[in-house]
Amino acid sequence: MWALLIKEIDGQPIIVKAGLNMMVDDNYSATIITDEQHARQIDKLTVVDGQIVVKEGMVLLSIEDLNKIEV
């Protein structure tokens, strides 16, 4: 199961960690179940009114395109 882990930092919800079948290793304010496409691109996401949204000007890549990227 893909998930996003959220922490309140300076009163703002921030996505601090994401992944597949993660071990929760800290106190988080929220856990949001999501899909692989979102979990692999958390730098492009933000939390607005409790919802995960893509930041303005950002575009999520497809899974196929993500898999082509060499790390």
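These legends describe close-up views of a predicted model.

**View 1. Confidence along the protein chain.** The model is predicted, and its protein chain has a mean pLDDT of 94. A pLDDT of 70 or more is reached by 100% of the residues. Among the elements, helix α1 (residues 36-39) has the highest mean, 97. Strand β3 (residues 30-34) has the lowest, 92.

View 2. Strand β1 covers residues 2-9 and strand β2 covers residues 12-20. The two run antiparallel and are joined by 8 bridges. Leucine 5 has lysine 17 in β2 as its bridge partner. Between the strands of this hairpin lie 2 residues. Here aspartate 10 takes a positive phi near 55°.

**View 3. The pairing of β1 with β3.** Strand β1 also pairs with β3, through 5 bridges. These strands run antiparallel. Tryptophan 2 stands opposite threonine 34 in β3.

**View 4. The largest nonpolar core.** This core has 7 residues. They are Leu4, Ile6, Ile15, Ala39, Leu45, Val47 and Leu60. Strands β1 and β4 (45-48) are the elements that give two or more residues to the core. In a regular strand, side chains alternate between the two faces of the sheet.

**View 5. The surroundings of leucine 45.** Leucine 45 belongs to the largest nonpolar core. Its neighbours within four places in sequence are left aside here. Beyond them, leucine 45 is in contact with Leu4, Ile15 and Leu60, among others. Its contacts also include His38, Ile52, Val53, Val54 and Lys55. Leu4, Ile15 and Leu60 are themselves listed in the core.

Key. Residues are numbered from 1 along each chain as its sequence is written. This is a predicted model: local features need pLDDT of at least 70, side-chain atom pairs count only at pLDDT 80 or more; totals for chains, interfaces and linings use all residues. Side-chain values use heavy atoms; hydrogens and water are left out. pLDDT is the predictor's confidence in each residue, from 0 to 100. Helices (H or I, at least four residues) and strands (E, at least two) are DSSP runs, numbered from the N terminus. Two strands pair if DSSP finds at least two bridges between them. A nonpolar core is a set of buried Ala, Val, Leu, Ile, Met, Phe, Trp, Tyr and Cys residues joined through side-chain atoms within 4.5 Å. Buried means under 20% relative accessible area, exposed over 50%, partly exposed in between (1.4 Å probe, protein chains only). Contact means heavy atoms within 4.5 Å.
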